[in-house]
Amino acid sequence: MSSKPSRIKPPLGPDNAWWWDQVSKGTVFPIQRCSGCGKLRHPPRPICDACRSMEWNWIAASGRATLHSYTVIHHPAFPGYEYPILIALVDLEEGERAISQLVDCDRDAVRIGMSLEARIQTDADGFKLPVFRPVA
Amino acid sequence: MPTTLQDEAAIVGIGQTKYSKSSGVSELALACEAVSRAIDDAGLEPHEVDGLVTFTMDSSDEVEVARAVGIGDLTMFAKINYGGGAAVGLIHQAAMAIATGAARNVVVWRAMNGRSGQRMGQGVSGQIISSDLIHWSWYMAYGMLTPASWIALTTQRYMHEYGATCEHFGQIAIAQRRHAQQNPNAAGYGKPLSMDEYLASRWVAEPLRLYDCCQETDGGCALLVTSAERARDLRQPPALIRGVCQASFEGQEQMTSFYRRDMASLPEMELAADLVYRQSGLGPDDIDAACLYDAFTPEILMQLEAFGFCKQGEAKDFIQNGALEVGGRLPNNTHGGLLSEAYIHGVNNIAEGVRLVRGSSCNQPEDVEHVLVSSGVGVPTGALILGKMP
């Protein structure tokens with residue numbers, strides 16, 4: 001067992017555990033979809049705001065996205081994270097927006113509107129989460 | 001005839017503690033000191049207070065404060081959610097209670113050991129799986145654990161769309177620090193700030209630097225609200241509540257409303273502006289000074305646009321030539337604000353709004369008829385217009 005601190009894990013409840021479970025099984029970016037009207041929604045919520053159906057399923061996003069906004073986090077530094085952290089707010093090809101991390105990218109090369117693709121990152125403790133990198 | 005909140009109530013008492021980095025006393029003690037002073041400032045007795053309102057984030061319950069201060073029966077008590085978004089909401093609750101007869105004299109407060117005790121931006125975590133915790137979990141896993149990191153995303157997009165720069169943010173930080181030089185209770189007192197120092201300060205979450213972020217403070221601030229009629233007979237010149245509202249907009253999240261098409265504006269603040277202007281019958285041209293919520297400098301630019309002082313994207317031009325300082329178009333946060341006085345979650349900004357109407361600000365502009373005060377940015381919020389008693 002490594003004693004190295006790891007990132008804060010999302011608490012898992014009925015509304016979000018499925019998403020992280022799918023990521024852990026290798027879905028690069030799951031998006032919740034209303035079973036009633038097909039509307040996509042992210043982050044997941046228990047009811048559709050368009051048709052109010054509480055039935056839902058999910059699709060696997062293509063992983064293609066563009067950068068909508070970003071920040072570079074320097075301070076304060078929490079155990080379990082490597083700083084600076086490049087945070088990306090991405091527009092997924094499917095139309096939903098999502099928070100993630102930008103990897104394999106020099107800070108000075110970051111441009112709003114740049115094309116990105118998702119991959120799954122696996123931490124030293126085995127935790128998996130989607131991250132995005134520039135399209136070569 | 002439905003009850004409206006226009007001109008129904010007035011703020012007639014201000015109570016505040018010393019603002020420091022280490023109070024050495026409990027949060028309950030800070031709350032009691034602030035509440036007690038507000039009652040004294042108004043010239044009332046504790047037993048005349050029958051309503052108390054604070055933040056859900058405040059650690060002191062209404063009944064603890066009532067018992068400690070010697071306030072007797074309460075007929076209204078409430079706590080408002082959403083951090084600094086609650087500040088004006090306290091006044092909204094008080095005004096509603098007074099307008100409907102639910103209470104006659106309401107004290108609102110916020111008191112916190114915000115530096116020596118539980119600090120902001122230390123990450124959010126917890127054991128109970130609430131919808132609030134699930135909300136934060138989407139950001140925690142990636143290391144977005146602080147208000148600065150959340151506001152930075154909005155700021156970056158705003159800069160991208162409208163060409164605002166860090167120098168514009170610096171101008172705001174410097175102007176408010178200049179105001180603090182006349183306020184001995186301000187954290188920035190005796191510490192003027194230059195653009196070089198601003199630009200040399202360390203990154204917190206790009207594009208936000210140290211001086212773009214507000215203080216962490218130990219302290220308390222309380223305000224006493226009573227009816228417009230009663231206010232005429234009290235010790236202080238009343239700050240009449242011309243209009244007051246809360247506002248949350250479609251797609252609202254707490255600090256993370258990233259999922260709207262346009263994230264370079266503040267639709268909840270635009271809603272607040274619309275409500276408070278309609279209620280008061282006033283508009284931006286009638287506002288002589290402001291205390292716009294300033295946890296982070298870029299929030300000032302976005303609010304100047306939301307409240308109609310300039311067009312969308314033009315706040316960077318509006319603020320030139322000292323527009324936000326005494327003698328300018330809209331003196332703003334003349335006490336130093338959250339950036340340079342103290343972070344009492346916006347209640348200290350309402351207190352300055354009251355002083356501006358009284359004519360007792362440490363940087364008092366001439367001819368202040370109406371003052372606009374806003375609550376937290378990026379959260380469910382509110383707006384307040386204070387004015388002189390006609």
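This passage describes the two chains of a predicted model, their secondary structure and their contact. Local features need pLDDT of at least 70 and side-chain atom pairs count only at pLDDT 80 or more, while totals for chains, interfaces and linings use all residues. Residues are numbered from 1 along each chain as its sequence is written, and chains are lettered from A and ligands numbered from 1 in the order in which they are written.

Chain A holds 1 helix and 8 strands. Helices (H or I, at least four residues) and strands (E, at least two) are DSSP runs, numbered from the N terminus. Along the sequence, the pattern of chain A reads α-β-β-β-β-β-β-β-β. The radius of gyration of chain A is 16 Å, close to the 14 Å that the globule rule gives for 136 residues, so chain A is as compact as a globular protein of that length. This radius is taken over C-alpha atoms, and the globule rule is 2.2 Å times the number of residues to the power 0.38. The C-alpha trace of chain A spans about 40 × 40 × 25 Å along its principal axes.

Of the 136 residues of chain A, 26% count as buried. A residue is buried if 20 or more other C-beta atoms lie within 10 Å of its own, exposed if 12 or fewer, and partly exposed in between, with C-beta atoms placed from the backbone. Contacts in chain A with a separation of 6 or more were also counted, and residues 24 or more positions apart account for 53% of them. Two residues are in contact if their C-beta atoms, placed from the backbone, lie within 7 Å.

Chain A contains an open sheet of 3 strands. Its order is β2-β1-β3, with antiparallel pairing. Strands β2 (40–41) and β3 (56–60) of chain A stand at the edges, each with a single partner strand, so one side of each has no neighbour in the sheet. Two strands pair if DSSP finds at least two bridges between them. Strand β1 (residues 30–34) of chain A pairs with β2(A) in the antiparallel sense over 2 bridges. Here A:Arg33 stands opposite A:Leu40 of β2(A).

Chain B holds 13 helices and 11 strands. Its radius of gyration is 19 Å, close to the 21 Å that the globule rule gives for 390 residues, so chain B is as compact as a globular protein of that length. The C-alpha trace of chain B spans about 55 × 50 × 45 Å along its principal axes. Of the 390 residues of chain B, 61% count as buried. Residues 24 or more positions apart account for 80% of the contacts in chain B with a separation of 6 or more.

Helix α1 (residues 27–42) of chain B has 16 residues, which at 1.5 Å a residue should span 22 Å; its end C-alpha atoms are 23 Å apart, which agrees. The expected span is 1.5 Å times one less than the number of residues. Among the buried residues of α1(B) are B:Leu30, B:Ala31, B:Val35 and B:Ile39. The cover over the buried residues includes β1 (9–16), α2 (62–69), β4 (105–113) and β7 (218–227) of chain B. B:Gly43 follows α1(B), with a positive phi near 80 degrees.

Helix α5 (residues 147–162) of chain B also has its length close to expectation: its 16 residues reach 22 Å from first C-alpha to last, against an expected 22 Å. In α5(B), 13 of the 16 residues are buried, so this helix is largely enclosed by the rest of the structure. Just after α5(B), B:Gly163 takes a positive phi of about 80 degrees.

Strand β8 (residues 239–247) of chain B is mostly covered, with 9 of its 9 residues buried. β8(B) pairs with β1(B) in the antiparallel sense over 2 bridges. B:Ala239 of β8(B) is the bridge partner of B:Ile11. β8(B) also runs antiparallel to strand β11 (residues 381–387) of chain B, joined by 7 bridges. There, B:Ala247 stands opposite B:Thr381 of β11(B).

The contact between the chains takes 29 residues from chain A and 30 residues from chain B. On the side of chain A, the elements that give two or more residues are β4 (64–73), β5 (85–92) and β6 (97–101). β4(A) gives the largest share, 6 residues. The residues of this side divide into 16 nonpolar, 9 polar and 4 charged. Ala, Val, Leu, Ile, Met, Phe, Trp, Tyr, Cys and Pro count as nonpolar, Asp, Glu, Lys and Arg as charged, and the others, Gly among them, as polar. β4(A) pairs with strand β5 (residues 203–206) of chain B in the antiparallel sense over 2 bridges. In β5(B), B:Glu206 is the bridge partner of A:Val72.
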